Amino acid sequence: MGQIHATTIFAVHHKGECAMAGDGQVTLGNAVVMKHTARKVRRLFNGKVLAGFAGSVADAFTLFEMFEAKLNEYNGNLQRAAVEVAKQWRGDKMLRQLEAMLLVMDKSTLLLVSGTGEVIEPDDGILAIGSGGNYALSAGRALKKHAADHLTAKEIAEAALTTAADICVFTNHNIIVEVL
């Protein structure tokens, strides 16, 4: 049996708002859509933090649990929790095998967390991961640059993910958007 993967998460800080969007598709290998309505974006820490994953579903749930535990340990300090998860993830022989990435955000910070020890904060307040991540990232940057005056963070996130779903076979139009 092939690996089950879930893809495309987009996050944006825009005009004091934050939004994170994820599609609902879960695929088995490169040939079979197993689920259309997966929820890959979640609220954590009493709804003050958004987290989204791309990659292996079971691995992502492990990372969600680790991240939420670190958020609680560091009283909601997003940067500290992300760095500690990345250190633990990279430093543990078993955890290094996890195949997923996380985007995490609160009202002031947006970060990508990976198993290679990366904790990256974007310069432009936009990040995307997963199979359709580059499509969503490109669309989101164009929207923020050229239509920023009349779009909200939620509208940018939804439009960026819709564009990715139009192009990427591993991304569908069952889009969930969470806003802070």
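# Chatting through an annotated site and a helix pair

User: Hey, before we start, what kind of model is this?
Analyst: It's a predicted model. Now to the active site.

User: OK, which residues does Thr-7 touch, skipping its close neighbours in sequence?
Analyst: Once you leave out anything within four places in sequence, Thr-7 is in contact with Asp-23, Gln-25, Lys-40, Ala-54, Gly-130, Ser-131, Phe-170 and Thr-171.

User: And where does Thr-7 sit?
Analyst: In the loop between strand S1 (4-6) and strand S2 (9-14). The unreviewed UniProt entry annotates Thr-7 as "active site".

User: Is Thr-7 buried or exposed?
Analyst: Thr-7 is buried, because its relative accessibility is 9% and the cut-off for buried is under 20%.

User: Where are Ala-165 and Cys-168?
Analyst: Ala-165 is in helix H4, while Cys-168 is in the loop between H4 and strand S12 (176-179). Ala-165 is buried at 9% relative accessible area, and Cys-168 is buried at 7%.

User: Switching topic: how many residues does helix H3 have?
Analyst: H3 (residues 133-146) has 14 residues. From first C-alpha to last, H3 reaches 20 Å, close to the 20 Å expected at 1.5 Å a residue.

User: Which H3 residues are buried, and what do they pack against?
Analyst: Gly-133, Ala-136, Leu-137, Ala-139 and Gly-140 are buried. The buried residues of H3 pack against S2, strand S11 (126-129) and helix H4 (153-167).

User: How do H3 and H4 cross?
Analyst: Their axes come within 8 Å and cross at roughly 140°. That makes H3 oblique to H4. On the H3 side, the contact residues include Tyr-135, Ala-136 and Leu-143; on the H4 side, Ile-156, Ala-160 and Ile-167 are among them.

User: Is the crossing left-handed or right-handed?
Analyst: H3 passes H4 in a right-handed crossing.

User: Last one: where's Lys-70?
Analyst: Lys-70 is in helix H1 (residues 57-73), and Lys-70 is buried, with a relative accessible area of 16%. Leaving out residues up to four places away in sequence, Lys-70 touches Ala-81, Glu-84, Val-85 and Gln-88.

Definitions and conventions:
Residues are numbered from 1 along each chain as its sequence is written. This is a predicted model: local features need pLDDT of at least 70, side-chain atom pairs count only at pLDDT 80 or more; totals for chains, interfaces and linings use all residues. Side-chain values use heavy atoms; hydrogens and water are left out. UniProt positions are given in the numbering used here, feature names are shortened, and annotations may be inferred rather than shown by experiment. Helices (H or I, at least four residues) and strands (E, at least two) are DSSP runs, numbered from the N terminus. Buried means under 20% relative accessible area, exposed over 50%, partly exposed in between (1.4 Å probe, protein chains only). Contact means heavy atoms within 4.5 Å. The expected span of a helix is 1.5 Å times one less than its number of residues. Axes are lines fitted to C-alpha atoms, for helices over the stretch in contact, and angles run from 0 to 180 degrees between N-to-C directions. Angles under 35 degrees count as roughly parallel, over 145 as roughly antiparallel, 65 to 115 as roughly perpendicular and the rest as oblique. A crossing is left-handed if the near helix is turned anticlockwise from the far one by less than a right angle, and right-handed if clockwise.
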